[in-house]
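Hi there,

Here is the structure I said I would pass on to you.

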Amino acid sequence: MKLKPYNFILSLFPTSKTPPKSSMAASSLSQTSTSFHTSAPPEPPQDLDDLLSSDPRSQEREPTQSHPSSVDDASPFSNGEPSRCLGAWSRAERAWAHWAKLGRPKLIVAPMVDNSELPFRMLCRKYGAEAAYTPMLHSRIFTENEKYRRMEFTTCKEDRPLFVQFCANDPDTLLEAAQRVEPYCDYVDINLGCPQRIARRGNYGAFLMDNLPLVKSLVQKLAVNLNVPVSCKIRVFPKLEDTLTYARMLEEAGCSLLAVHGRTRDEKDGKKIRADWSAIKAVKNALSIPVLANGNIRHMDDVETCLKETGADGVLSAESLLENPAVFAGFRTADWIVGSEESHKDGQLDQAELLVEYLKFCEKYPVPWRMIRSHMHKMLGDWFRIHPQVRDELNAQSILTFEFLYGLVDKLRNLGLRIPLYVKDADVERISANGSAT
Ligand SMILES: Cc1cc2nc3c(=O)[nH]c(=O)nc-3n(C[C@H](O)[C@H](O)[C@H](O)COP(=O)(O)O)c2cc1C
């Protein structure tokens, strides 16, 4: 197997050392291709959960470190004068100029903890995604912990446009974290939507909806001091008027792009509760900056309907991409064949093939094994339901290797299994649109 160098992604932080072999997926690759077996256990960093749920304000901070300067000289946000000096351009005009410079991406990979990491983003980009968010990073841990930075944030030059997302509740800490990543991204995003218990304990995400002055100060801090624009991802309030007041406040504070997840903080089960696209439409109509819609994007028909109904400038998809990273290329699982079965044909692609492509990206761009394990389960969920013994084999394997994982896919195929992804049959569509099917 031909192995590619991965020095670029490991050199983002000058103080980084080579990742420990114990937890990065392809850490053994720089030695020989036969040393896969020495790769490590899939456990998350021992104390990550505790770290993530800790309230950043309760920790003492190290002094601010110097940060790299912006690499994006053509950006209206990087003229050496961050947004406190607006010049002739209004904020909204600058926001739109930046969005246009990025090519107005419409099809976007949503932020997902442990799941929207570099290899997955690269896979989705290959299959139609036009931009992507990193998983949420914890701003305080990011500023303090070199190992966390090295393990949890990697990128490469093809990984653009990129939103790097942080959770935070302290403006200075957030700025310090943001300054470390700004040369490598197109937006620094603030997570204002995480509804999980861990966010309640850590006082971030959707729980900041109870403290809007703090939210305002986070946005302002970045808008005034960064060379890249700040974006926010929010959930809606139960009352539309509260959502609109919130969104207007964010725009006023310097937010340049707003992603709206059309569910409230209490509506946690995305599979059972439909997102409210009418609230997203109202936000879009109330603001002057680009607005992205999030919720209920399962296939490309949803994209079209959502953009039409909300007027949003793009969509984010999360759960559906985990099962099928080729959603934005027009592929869909059998669950989402709407209309007659004949209107769709086998797209000559399946999740096992996508998984193999994902694993190849992981070899090129090492990530913690726990992320790879999670994608195995998501992408092969339907396959495992038919052959649960193969899933049991994966679960029993505490130390993963690429050899083992490729072997698992071969095993499913040798069992005679194939579950295709479907594409719309253009011929059928054309004929039925003309009403002249014979
Ligand atoms: C596994 C997983 C991890 C997630 N992590 C994040 C995150 O880090 N930051 C965030 O803002 N939202 C996160 N979300 C929420 C999604 O970005 C998205 O808002 C939500 O799933 C609704 O989109 P969907 O209907 O397309 O799934 C996560 C969702 C999933 C399924």
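**What I found**

Let's start with the ligand. The residues in the shell around the ligand split into nine nonpolar, 11 polar and two charged. That shell has 22 residues, and the closest to the ligand are Ala110, Met112, Met136, Ala318 and Glu319.

Before you go further, keep in mind that this is a predicted model. How far does the predictor trust it? The average pLDDT of the protein is 83, and 76% of the residues score at least 70. Over residues 55-76, pLDDT stays under 50, and the model has 34 contacts beyond four places in sequence for them. Residues 78-85 also stay under 50, with 13 contacts beyond four places in sequence.

Next, some helix pairs.

Take H7 (residues 171-181) and H9 (residues 212-225): they pack at an angle of about 40°, and their axes are 9 Å apart. Angles under 35 degrees count as roughly parallel and 65 to 115 as roughly perpendicular, so H7 and H9 are oblique to each other. H7 goes past H9 in a right-handed crossing. On the H7 side, the contact is made by Pro171, Leu174, Leu175 and Ala178, while H9 brings in Ser217, Leu218, Lys221, Leu222 and Asn225. Sorted by class, the contact of H7 with H9 has six nonpolar, two polar and one charged residues.

Now try H10 (residues 240-253) and H11 (residues 277-286). They pack at an angle of about 40°, with axes 10 Å apart, and that angle makes H10 oblique to H11. The crossing of H10 and H11 is right-handed. From H10, the residues making the contact are Leu240, Thr243, Leu244, Ala247 and Arg248; from H11, they are Ala279, Ala282, Val283 and Ala286. By class, the contact of H10 with H11 comes to seven nonpolar, one polar and one charged.

How do H17 and H18 lie relative to each other? H17 (residues 388-396) and H18 (residues 402-414) pack at an angle of about 170°, and their axes are 10 Å apart. Anything over 145 counts as roughly antiparallel, so H17 and H18 are roughly antiparallel to each other. Val390, Glu393 and Leu394 of H17 make the contact with Leu408, Lys411 and Leu412 of H18. In this contact of H17 with H18 there are four nonpolar, no polar and two charged residues.

Finally, there are two backbone details to look up. Most residues other than glycine have a negative phi, and most peptide bonds are trans. With that in mind, which residues does a cis peptide bond join? The cis bond lies between Arg160 and Pro161, with omega about -10°. You will find Pro161 in the loop between helix H6 (146-152) and strand E4 (162-167). The other one is Asn296, a residue other than glycine whose phi is positive, near 70°. Look for Asn296 in the loop between strand E8 (291-294) and helix H12 (300-310).

That's it from me. Happy browsing!

Technical notes:
Residues are numbered from 1 along each chain as its sequence is written. This is a predicted model: local features need pLDDT of at least 70, side-chain atom pairs count only at pLDDT 80 or more; totals for chains, interfaces and linings use all residues. Axes are lines fitted to C-alpha atoms, for helices over the stretch in contact, and angles run from 0 to 180 degrees between N-to-C directions. Helices (H or I, at least four residues) and strands (E, at least two) are DSSP runs, numbered from the N terminus. A crossing is left-handed if the near helix is turned anticlockwise from the far one by less than a right angle, and right-handed if clockwise. Two residues are in contact if their C-beta atoms, placed from the backbone, lie within 7 Å. Ala, Val, Leu, Ile, Met, Phe, Trp, Tyr, Cys and Pro count as nonpolar, Asp, Glu, Lys and Arg as charged, and the others, Gly among them, as polar. A residue is near a molecule or strand if its C-beta atom, placed from the backbone, lies within 6 Å of it. pLDDT is the predictor's confidence in each residue, from 0 to 100.
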